[in-house]
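Trainee: Can you walk me through reading a protein model, feature by feature? I would like the general idea each time, then the case at hand.

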Amino acid sequence: MVEAFAVASGKGGTGKTTSTVALGMALADRYDVTIVDADTGMANLLFHAGLEDVETTLHDVMTAGDVPVEAATYDRFGMSVVPCGTSLAGFEDADPERLRGAVADLAAGADVLLLDSPATLGSKSAVLPIVLSDRVIVVLNPTVPAVSDGLKVQEYALSYGSDIAGTIFNRTRGDAESVTEKADRYFEGPTLATVPESDAVQAARSDGTPLLKHAPDSPAAAAFRRAAGALSVADGDSEAVAERFRTAVIPDPP
Ligand SMILES: Nc1ncnc2c1ncn2[C@@H]1O[C@H](COP(=O)(O)OP(=O)(O)OP(=O)(O)O)[C@@H](O)[C@H]1O
Ligand SMILES: [Mg+2]
């Protein structure tokens with residue numbers, strides 16, 4: 001079985017990478033989870049997962065050559081983690097179309113694939129995770145610009161046949177209820193969790209350790225566990241999903 005989720009927002013810095021790592025760890029209690037840094041232009045998942053010194057990354061897999069995605073897959077924190085490199089040269093050499101094959105190969109060995117997605121919808125590599133995913137988890141901050149950009153992501157996802165799994169409201173400061181209530185009317189999925197603004201999240205990031213390991217008892221970690229608990233993962237046929245990835249047509253960005 002496998003279901004692929006894009007973790008996306010439409011706006012920078014809302015907490016996509018933090019959410020990808022935290023949801024991945026929480027879901028790993030129940031599923032074989034693989035998380036992928038599909039933000040191949042501005043990768044930073046490696047810093048969240050203590051992988052900044054690894055030699056082989058997704059960039060190598062996406063560059064002409066025969067590097068299999070297994071070579072860029074690392075067992076960390078109970079999950080498989082596929083980091084991406086951060087150099088501009090690595091991004092320039094990477095062919096976005098090769099991400100399809102890499103994700104297809106990963107689908108064979110996972111129950112849950114989480115694709116940490118770029119902030120914008122501005123290029124082929126940026127829209128790819130949303131187009132490939134079965135469902136999108138939209139990470140919002142409780143602000144009007146973040147909600148409005150999230151709605152653009154939803155519209156784009158739905159137009160390419162990806163459903164909305166739900167929203168995560170991150171960095172709330174006791175102001176969440178009125179915003180989440182309004183947003184609930186506009187977003188397709190449920191609010192999976194509201195995650196408070198938290199020093200523990202910043203500290204985990206600085207330490208290069210995922211929040212659920214660094215501060216498992218923090219309210220923010222509990223909120224991410226609730227979000228994971230609210231997700232029911234579909235039992236997609238691995239071969240069929242992999243074939244869909246391999247043959248996906250990458251549309252032009254909006
Ligand atoms: N709930 C929170 N409380 C405090 N800080 C947070 C919280 N969530 C995320 N942050 C911090 O905000 C910054 C951005 O988070 P993150 O990298 O997860 O966002 P992103 O959406 O992936 O960003 P980008 O668009 O650049 O990829 C990080 O420094 C992270 O530690
Ligand atoms: Mg990110």
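Predicted model: local features only at pLDDT ≥ 70, side-chain atom pairs only at ≥ 80, totals over all residues.

Trainee: How many helices and strands are in the protein?

Mentor: The protein has 12 helices and 8 strands.

Trainee: What radius of gyration does the protein have, and what would a compact globule have?

Mentor: Compare the value with the chain length. A compact globule of 254 residues would have a radius of gyration near 18 Å. The protein has 17 Å, so the two agree. For the outline, take the principal axes: the C-alpha atoms fill a box of roughly 50 × 40 × 35 Å.

Trainee: What share of the residues counts as buried?

Mentor: Burial is a neighbour count. The cut-off is 20 or more other C-beta atoms within 10 Å. Of the 254 residues, 49% count as buried.

Trainee: And the contacts? What percentage join residues at least 24 apart?

Mentor: Take contacts between residues at least 6 apart in sequence. Of these, 78% join residues at least 24 apart.

Trainee: Which residues touch the most other members of the largest nonpolar core?

Mentor: That core has 79 residues. Phe5, Val103, Ala107, Leu113, Leu114, Val136 and Phe224 touch the most other members. Follow one of them. Leaving aside neighbours within four places in sequence, valine 103 is in contact with Val36, Leu113, Leu132 and Phe245.

Trainee: Now the ligand. Which residues are closest to ligand 1?

Mentor: The shell around ligand 1 holds 21 residues, and the closest are Gly12, Lys16, Thr17, Thr18 and Arg205. Next, ask which elements supply the shell. Those that give two or more residues are α1 (16-27), β7 (163-172) and α9 (199-207). Then sort by class: 5 nonpolar, 11 polar and 5 charged.

Trainee: α1 is on that list. How many of its residues are buried?

Mentor: α1 is mostly covered, with 12 of its 12 residues buried. Among them are Lys16, Thr17 and Thr18. α1 reaches 16 Å from its first C-alpha to its last, close to the 16 Å expected at 1.5 Å a residue.

Trainee: How should I think about the faces of a helix?

Mentor: An α-helix has 3.6 residues a turn, so residues three or four places apart point the same way.

Trainee: Why is helix α6 described as largely enclosed by the rest of the structure?

Mentor: Because 8 of the 9 residues of α6 (residues 124-132) are buried. They are Ser125, Ala126, Val127, Leu128, Pro129, Ile130, Val131 and Leu132. Their packing partners are β1 (3-8), α5 (98-107), β5 (112-116), β6 (135-140), α7 (144-159) and α12 (238-247).

Trainee: Take leucine 151 in α7. Is it buried or partly exposed?

Mentor: Leucine 151 counts as partly exposed, because it has 16 C-beta neighbours inside 10 Å. Its C-alpha lies 16 Å from that of valine 131, at 20 residues' separation in sequence.

Trainee: What is phi of arginine 171?

Mentor: Phi of arginine 171 is near 65°, a positive value. Arginine 171 lies in strand β7. It counts as buried, with 22 C-beta neighbours inside 10 Å.

Trainee: Where is threonine 40 found, and which residues is it in contact with?

Mentor: Threonine 40 is found in the loop between β2 (33-37) and α2 (45-48). Leaving aside neighbours within four places in sequence, its contacts are Leu58, His59, Met62, Cys84, Phe91, Ala94 and Ser125. Ser125 is also one of the buried residues of α6.

Trainee: One last residue. Is alanine 220 buried or exposed?

Mentor: Alanine 220 is buried, with 24 other C-beta atoms within 10 Å. It lies in helix α11 (residues 219-229). Beyond four places in sequence, its contacts include Val195, Pro196 and Leu211.

Conventions
Residues numbered from 1 in each chain as written. Chains lettered and ligands numbered in written order. Helix = DSSP H or I, 4+ residues; strand = E, 2+ residues; numbered from the N terminus. Rg over C-alpha atoms; globule rule 2.2 N^0.38 Å. Contact = placed C-beta atoms within 7 Å. Near = placed C-beta within 6 Å. Nonpolar A, V, L, I, M, F, W, Y, C, P; charged D, E, K, R; others polar. Core = buried A, V, L, I, M, F, W, Y, C linked by C-beta atoms within 7 Å. Expected span 1.5 Å × (residues − 1).
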